[in-house]
There are 2 protein chains.
Amino acid sequence: VPFSQQVESLSHESLIRRASSLVADSANTYLSQTTLALVDSLTQYSKALHTLIALQKRYMNSMGKITPAEEDSIWQVIIGQRVEVGDRLDECKRFEGNWMNAIHLCELAAEAAYSAGVEHASTTTRSNLQVAQSQVEQVRKLSLDAERKLAETKVEEIKRTAAFANAMERMTEDIPEAYLRED
Amino acid sequence: VPFSQQVESLSHESLIRRASSLVADSANTYLSQTTLALVDSLTQYSKALHTLIALQKRYMNSMGKITPAEEDSIWQVIIGQRVEVGDRLDECKRFEGNWMNAIHLCELAAEAAYSAGVEHASTTTRSNLQVAQSQVEQVRKLSLDAERKLAETKVEEIKRTAAFANAMERMTEDIPEAYLRED
């Protein structure tokens, strides 16, 4: 009896080990798919931010040098790009949700594999977790940089708009004087 | 550009959905393996407890009717059975650890599947969770019943041992009196 019992218990344990390996494998696949999606969407978001920054700068540099119609068409493009940035950010958030699920699943799968005695699956999963986290950290840093640059551009725009408005005011104040003087 | 971007984003999402289904599938397999192992080990534990209860009852009923050598051999069997019960309980605890991991993995996998848009995988996983939990609950109830019965047997044994010791004392007190009276 003890022998057959031991064989039976070994078989339970080997089935659990196998199933635990499968969970770790699929959690790793899920992590790599969600990491790819998140990295890609963060990259697209950064690109969209940089396009918006370039448009805002073009608008600033053209201030007072273009007709109101030209100004309006630049604004239409800027507004369109802001929508694009918002859509890209929504996508990032959606993929980030999936990615966080994948992170938690992998953490649990690594724990389960370890306690089921499948140490290699546990170790592989933990190292994949680290790689995924550092990959996402890198692209997230780039998108944060782009967000910071956009904020700087906006500050600059406010300053320039204020300076431009001042100049315009001075110009319109000057006009009647000059007009009067010439008159 | 918007069309190709949409196709790309669809492909990320479909890959995530597929990977999320795989995680749910493997988590379900892991849950069913660990549930089987836990149910089996709890059943074996209950059986071992019932064997121990039967041995203790046999010992109680034979109190004062058997030789010290026979008593000793019953005690050897009881001690062996107590070790068996302890081993079975250890096995239950080990499998319970795996099972708890499986429960958490399935809960997370169901959540991940739901948020990835694979609702059927999420629903299947949640219903499997309920089935597994009720299966384990049932056998756990049986093992708790067996534990309660063993505790009752022990109380009964203490009472009988005390009664037997009292009777023995009275017998040994009676002997000298009888001896004195006859003398």
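This is a predicted model: local features need pLDDT of at least 70, side-chain atom pairs count only at pLDDT 80 or more; totals for chains, interfaces and linings use all residues.

Colleague: Why is the pair A:Tyr59 and A:Trp75 called edge-to-face?

Modeller: The ring centres are 5.1 Å apart, and a pair needs them within 6.5 Å. The planes sit at 65° and the cut-off for edge-to-face is over 60 degrees, so the label is edge-to-face.

Colleague: What makes that pair a link between distant parts of the chain?

Modeller: A:Tyr59 is in helix α1 (residues 2-62) and A:Trp75 in helix α2 (residues 68-115) of chain A, 16 residues apart.

Colleague: Is A:Tyr59 buried or exposed, and which class does A:Trp75 get?

Modeller: A:Tyr59 has 9% relative accessibility; buried means under 20%, so A:Tyr59 counts as buried. A:Trp75 comes out at 22%, between the 20% and 50% limits, so A:Trp75 is partly exposed.

Colleague: What about B:Tyr59 and B:Trp75?

Modeller: That pair is edge-to-face, with 5.1 Å centre to centre and 65° between the planes. B:Tyr59 is in helix α1 (residues 2-61) and B:Trp75 in helix α2 (residues 68-115) of chain B. B:Tyr59, at 9%, counts as buried, while B:Trp75, at 23%, counts as partly exposed.

Colleague: How do you know that the charged end of B:Arg94 sits over the ring of B:Phe95?

Modeller: The distance to the ring centre is 5.8 Å, and the distance limit is within 6 Å. In chain A, A:Arg94 lies over the face of A:Phe95, at 5.8 Å from the ring centre.

Notes
Residues are numbered from 1 along each chain as its sequence is written. Chains are lettered from A and ligands numbered from 1 in the order in which they are written. Side-chain values use heavy atoms; hydrogens and water are left out. Rings of Phe, Tyr and Trp (its six-membered ring) pair if their centres lie within 6.5 Å; planes under 30 degrees apart count as stacked, over 60 as edge-to-face and the rest as tilted. Helices (H or I, at least four residues) and strands (E, at least two) are DSSP runs, numbered from the N terminus. Buried means under 20% relative accessible area, exposed over 50%, partly exposed in between (1.4 Å probe, protein chains only). A charge sits over a ring if NZ of Lys or CZ of Arg is within 6 Å of the ring centre and within 35 degrees of the ring normal.
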